[in-house]
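Have a look at the strands, then the packing, then the rings.

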Amino acid sequence: MQYKMEGKLEDRGQPTIQLEAVRAETLDLYCEIGEQAYRDHYLHLWPGQDPSPYIEKSFRPRVVHTDLTHKNNLHFLVISGKITVGIAKLILNKNPEGLVFSEPVFLEKIYLLKDHTGRGIGPAVLSALHAESRKRGMCYICLATMQKGRALSFYLKMGYEILREEVLPFENAIQEERGMYLLGRSL
């Protein structure tokens, strides 16, 4: 399944964004792109810049393969033109612990390779993920983001609101970097 995001990017002469559902044939590519995009942006969270705990839990083929068997887990390759520039993961019908929203979706991952950030792709990807969620009957979207860094201001500009503070659930991450916010918005 592919979802094409038409509009502003294309109007500026930039390529169309596509969300391509991960299949058995693209599972390794999802893991490679996800790991590289994570390393591009989040090494500062880990002692010795070693994100192995997160990589092992998130981007190993056996882990993603098992994750794909759950019908509410949607993994996507993010494609710009003919180039895979990132990955995303949605979890349908998932409320954050202690909160209840009608028809919720949780945006668990959205990672773009560093070479493709700052080019206007992020808003198009997020809009495509919102559209995909609405298409599946979801009405409210949540995500967790680091308190420090550029991602928070991006999500706030995209209409998200801070719901509460959270902590990166990896105790071996650098303590001062573990602060997160849970964000949400209506679709």
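Strand β2 (residues 17-21) and β3 run antiparallel, with five bridges joining them; strands count as paired if DSSP finds at least two bridges between them. One partner pair here is E20 with L77 of β3. On to β4 (residues 83-92): eight bridges join β3 to β4, again antiparallel, and L77 stands opposite I87 there. The hairpin of β3 and β4 has two residues between the strands, and G81 takes a positive phi near 65° in it. Strands (E, at least two residues) and helices (H or I, at least four) are DSSP runs, numbered from the N terminus.

How many residues of β3 (residues 73-80) are buried? Eight of eight, where buried means under 20% relative accessible area, exposed over 50% and partly exposed in between, with a 1.4 Å probe and protein chains only. N73, H75, L77 and I79 point one way, L74, F76, V78 and S80 the other way, and all are buried.

## A note on the model

This is a predicted model, so to speak: local features need pLDDT of at least 70 and side-chain atom pairs count only at pLDDT 80 or more, while totals for chains, interfaces and linings use all residues. Residues are numbered from 1 along each chain as its sequence is written, and side-chain values use heavy atoms, with hydrogens and water left out.

β5, α5 and β6 make a right-handed β-α-β unit; right-handed means that, with the strands pointing away from the viewer, the path from the first strand over the helix to the second runs clockwise. β5 and β6 run parallel, joined by four bridges, and P104 has Y140 of β6 as its bridge partner.

β6 also pairs with β8: seven bridges, antiparallel, with C142 partnered by G184 in β8. Six of the seven β6 residues are buried.

## Two cores

A nonpolar core is a set of buried Ala, Val, Leu, Ile, Met, Phe, Trp, Tyr and Cys residues joined through side-chain atoms within 4.5 Å. The largest has 28 residues, and V78, L90, L107, V125, L129 and Y160 have the most contacts inside it. The largest share, six residues, comes from α5. Apart from this core lies another of 24 residues, among them I55, L77, I79 and M180.

What does L129 touch, leaving aside neighbours within four places in sequence? L129 is in contact (heavy atoms within 4.5 Å) with L19, F76, A88, L90, L107 and I110.

## Rings and charges

The whole structure holds 13 aromatic pairs. Y38 and Y54 are stacked because their ring centres are 4.2 Å apart and their planes at 20°. Rings of Phe, Tyr and Trp (its six-membered ring) pair if their centres lie within 6.5 Å, with planes under 30 degrees apart stacked, over 60 edge-to-face and the rest tilted. Y38 sits in helix α2 (residues 27-42) and Y54 in helix α3 (residues 52-58), 16 residues apart, and both are buried.
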